[in-house]
Amino acid sequence: MPHLRFHRRARPTDETYVPKPAEFLRSQLRLRIAVFAATIAVAGVLALMGVWWWPATFLALGLLFVLQRLAGKGRILDPERLRRGISGEEAVADALAGLPSSYWVLHGVSTGHGDVDHVVIGPTGVFALETKAWDGKFYRSRGQLYCNGKPAEHVLRQARGAAGQVRELLLAAGIDEWVEAVVVAARASVSRSPVRFRKSYVISIKDLVGFVTDRPQSLSSSTVLRAKTTLMQVVP
């Protein structure tokens with residue numbers, strides 16, 4: 001069955017390695033946890049030094065204060081946002097496992113400008129998926145995308161950018177195929193899903209498989225295979 005949902009153990013040295021879902025986010029989470037642990041350790045050492053050199057105690061307290069500010073809710077070291085992102089990408093990967101065997105699913109495709117969460121390649125085309133694990137509701141108002149009453153146009157720009165980067169990789173290999181930009185709401189609802197915008201879509205995770213498979217067939221099996229092979233060769 002040609003769904004690429006490999007789980008990482010030791011990285012192979014050949015070009016067939018494909019990242020598992022949310023691998024980039026997991027690496028970022030590990031990094032943040034390491035920074036947090038290292039900062040706590042340094043503060044502990046400074047606190048012990050305060051027994052002999054009292055200014056070290058103030059340095060330790062200052063370090064802990066900075067850590068508390070950075071690790072607060074929504075801050076740069078807050079791990080909850082990354083955990084939600086990981087959960088969202090895994091949920092989308094599980095949904096994509098329901099595609100027919102004529103489709104290939106790649107996760108964490110590197111483009112040289114960043115990672116695309118998921119790329120789907122099949123007889124109905126090529127799709128670059130940007131996962132959003134937000135709560136609430138996406139909807140269209142006056143031609144613009146909103147989520148929970150706030151403008152969310154930057155999400156569409158992210159998806160279009162990802163699709164454009166995937167298309168450039170395919171063009172470089174001589175494959176002139178359009179790449180659909182799709183924002184997938186892994187947790188939030190989407191009013192009138194799928195919602196179409198300029199060169200992009202916003203869709204609920206429950207509608208994802210139908211959205212991909214119900215489109216007209218446009219790619220031959222040989223083109224699908226060439227596109228899959230091309231994108232598998234660009235992992236870092």
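Me: What joins the side chains of Thr 131 and His 118?

Reply: A polar contact is a pair of N or O atoms within 3.5 Å; within protein, one must be able to donate a hydrogen and the other to accept it, and residues adjacent in sequence count only if both atoms are side-chain atoms. Here the side chains of Thr 131 and His 118 make one at 3.3 Å. This is a predicted model, where local features need pLDDT of at least 70, side-chain atom pairs count only at pLDDT 80 or more, and totals for chains, interfaces and linings use all residues. Residues are numbered from 1 along each chain as its sequence is written, and side-chain values use heavy atoms, with hydrogens and water left out.

Me: Is Thr 131 buried or exposed?

Reply: Buried means under 20% relative accessible area, exposed over 50%, partly exposed in between (1.4 Å probe, protein chains only). Thr 131 has 9%, so it is buried. Contact means heavy atoms within 4.5 Å. Leaving out residues up to four places away in sequence, Thr 131 touches Gly 88, Glu 89, Val 92, Asp 117, His 118, Val 184 and Ala 186.

Me: Which strand holds Thr 131?

Reply: Helices (H or I, at least four residues) and strands (E, at least two) are DSSP runs, numbered from the N terminus. Thr 131 is in β3.

Me: In what order do the six strands form the open sheet?

Reply: Two strands pair if DSSP finds at least two bridges between them. The order here is β1-β2-β3-β7-β10-β9, with mixed pairing. β1 (104–110) and β9 (195–197) are the edges; each has a single partner strand, so one side of each lacks a neighbour in the sheet.

Me: How many bridges join β9 to β10?

Reply: Three, and the two strands run antiparallel. Val 195 stands opposite Val 202 in β10.

Me: How many aromatic pairs does the structure hold?

Reply: Rings of Phe, Tyr and Trp (its six-membered ring) pair if their centres lie within 6.5 Å; planes under 30 degrees apart count as stacked, over 60 as edge-to-face and the rest as tilted. The structure has four pairs. One of them, Phe 127 with Phe 211, is edge-to-face, at 6.1 Å centre to centre and 70 degrees between the planes. Phe 127 is in strand β3 and Phe 211 in helix α5 (residues 208–213), 84 residues apart. Both Phe 127 and Phe 211 are buried.

Me: Which residue lies over the face of Trp 104?

Reply: A charge sits over a ring if NZ of Lys or CZ of Arg is within 6 Å of the ring centre and within 35 degrees of the ring normal. For Trp 104, the residue is Lys 228, at 4.4 Å from the ring centre.
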